[in-house]
Amino acid sequence: MSATTKQNYRGVYHFSPEKNWMNDPNGLVYFEGEYHLFFQHHPDGMTMGEMHWGHAVSKDLVTWEELPLALVPDELGMIFSGSAVVDWHNTTGFFGEKPGLVAIFTHHLNRPEDEHPLQYQSIAYSKDNGRTWTKYAGNPVLTHDTFIDFRDPKVFWDRERSRWVMIVACGQTVCLYHSPDLIHWTFASEFGTGTGSHDGVWECPDLFPLAVDGDKEKIRWVMLVSIGADPAYEEGSRTQYFTGGFDGEVFTPDEASHSIRWVDYGRDNYAGVSWSDLPEEDGRRLFIGWMSNWMYAPQTPSAGFRGAMTIPRELTLETRNGEAALIQRPAQELEAVRIPVLSLTNASAQEINAACAGIQLEAYVIEAELAPGMTAGFRMKAGAAEQTLAGINGQTQELYVDRRVSGKSSFHPLFAGMHSARLAAPAAACDLHIYVDRSSVEVFAGGGQAVITDLIFPEHGSTGLAAFAEQEEKRFLSVRIYELSPAAPAGGSR
Ligand code: FRU
């Protein structure tokens with residue numbers, strides 16, 4: 001593989017492991033100035049295998065430094081997905097004066113003598129900011145007699161009841177447990193039968209409160225549930241969400257949760273979960289997902305590593321069409337690494353293209369505002385025989401990404417395709433934010449209500465960028481293009 005091809009796949013501002021395979025984000029926790037990003041990692045292979053927790057840290061959510069492996073397989077099994085928390089009150093007894101980190105994860109044991117692999121929940125703790133970990137001697141801390149798929153525990157502190165809550169995937173439902181100390185767990189409830197999508201096994205759940213429209217009197221809980229790929233569905237693996245109430249034991253879905261709602265309408269945002277323990281003054285709910293799809297993840301073009309995370313995003317709940325909808329916006333930290341390239345107002349596609357001529361960017365963001373009813377967008381990563389389109393269809397009120405001829409796609413028959421997301425309400429003007437990197441596009445429209453995340457594998461030299469509009473008389477209200485250019489941390493990777 002040539003150096004050029006290699007470069008083609010590693011995102012400029014997306015996290016990928018230095019080497020080999022990565023899938024889900026794990027153990028997202030903020031502690032003492034660092035965002036921790038652990039991840040499902042096979043350190044010795046380019047596909048899923050003996051799973052470990054890899055580890056990276058960032059101070060700014062843009063540049064990541066990969067650290068040594070955090071959790072390695074042992075006699076209880078491989079290390080599957082899970083979460084991490086700060087044990088501020090030393091509920092575990094693992095810490096002294098200074099609080100530390102506890103990881104809660106699934107052990108996955110695959111023995112020839114068993115009919116099926118065994119899955120149970122275990123914990124480990126770190127007294128040195130996640131650099132080294134000690135597995136708890138009494139592992140596993142939570143087993144189940146009947147669930148074969150019993151995995152991906154996400155734990156949070158229930159402040160009202162002063163105890164921990166765990167949400168864990170159980171086949172095609174989730175179960176809620178609580179605990180005083182992360183060691184002894186009591187079953188509280190099960191959710192999911194007859195609700196939501198059951199097109200695949202449920203995985204990687206999350207549960208957290210958000211203030212609707214920022215109003216602290218209107219708290220609703222958001223439950224994220226990823227569902228695995230099933231050959232019967234061309235979407236592959238994807239993530240749904242529910243909104244509802246939570247009383248410490250039972251999650252009660254809102255009316256709106258009786259229809260299926262997806263977090264992302266692209267193909268490549270899976271197993272995403274949120275960061276734990278952001279300081280109260282910050283108050284954000286930050287999310288990151290694995291930018292791939294189990295349908296083709298092991299076959300994507302690669303160059304010494306395989307797998308990337310999405311950009312970090314802020315999640316909010318905002319009223320759209322009369323219901324509390326999940327909204328995603330790029331984490332504001334990305335603004336710090338933007339270099340302005342172009343800014344136009346009230347411009348036609350032609351005028352934009354005249355201004356764009358000669359611009360050659362690898363990693364950039366386009367922010368545009370379209371006139372009402374306009375069908376328009378951008379052609380990106382264009383070369384002689386390839387292009388990726390992202391735009392809004394003013395007639396159908398849909399956001400779409402077209403990666404039918406975006407570059408390499410022969411590795412899977414369903415990779416090439418077009419993906420769309422409905423915009424909640426016909427808006428006066430429509431905003432379009434497109435984050436482009438070497439092998440991905442992440443598109444946000446309708447103020448973060450419609451989101452499409454898609455991988456693409458264009459040639460290195462395909463840097464063409466242009467605007468298009470179906471109705472020539474309509475004009476883009478504004479267009480801004482920025483290069484995204486984070487500096488690599490000294491001695492680190494990104
Ligand atoms: C989701 C998932 C999890 C599991 C992990 C294994 O992508 O299947 O359910 O813990 O990946 O790598």
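The C-alpha centres of domain 1 and domain 2 lie 33 Å apart in this predicted model, the chain being divided into domain 1 (17-277) and domain 2 (334-484), with bounds that come from an automatic or database domain assignment. Residues are numbered from 1 along each chain as its sequence is written, and side-chain values use heavy atoms, with hydrogens and water left out. Local features need pLDDT of at least 70 and side-chain atom pairs count only at pLDDT 80 or more, whereas totals for chains, interfaces and linings use all residues.

Between the domains, nine residues of domain 1 are in contact with 12 residues of domain 2, contact meaning heavy atoms within 4.5 Å. The area buried between domain 1 and domain 2 is about 870 Å², and carbon and sulfur atoms give 56% of this area; buried area is the accessible area (1.4 Å probe) that two parts lose on being put together, summed over both.

Helix H2 spans residues 349-356, and its residues Ala349, Ile352 and Cys356 are buried (buried means under 20% relative accessible area, exposed over 50%, and partly exposed in between, with a 1.4 Å probe and protein chains only). Seen down the axis of H2, these buried residues fall within an arc of 65°, so they line one face of the helix, the arc being that of the directions from the helix axis to the C-beta atoms. The face turned away from the buried side of H2 carries the exposed residues Gln350 and Ala354. The buried residues of H2 pack against strands S22 (338-347), S31 (464-469) and S32 (476-484), where helices (H or I, at least four residues) and strands (E, at least two) are DSSP runs numbered from the N terminus. Just after H2, Gly358 takes a positive phi of about 90°.

The largest nonpolar core has 38 residues, of which Phe378, Met380, Leu432, Ile434, Phe476 and Ile481 touch the most other members; such a core is a set of buried Ala, Val, Leu, Ile, Met, Phe, Trp, Tyr and Cys residues joined through side-chain atoms within 4.5 Å. A second, separate core of 26 residues includes Tyr30, Ala56, Phe80 and Ile288. Not counting residues up to four places away in sequence, Ile481 touches, among others, Cys356, Leu361 and Leu465.

Asp199 lies in the loop between strand S12 (186-191) and strand S13 (202-211). The side chain of Asp199 makes polar contacts with the side chains of Tyr233 (3.3 Å) and Arg238 (2.9 Å), a polar contact being a pair of N or O atoms within 3.5 Å, of which, within protein, one must be able to donate a hydrogen and the other to accept it, while residues adjacent in sequence count only if both atoms are side-chain atoms.
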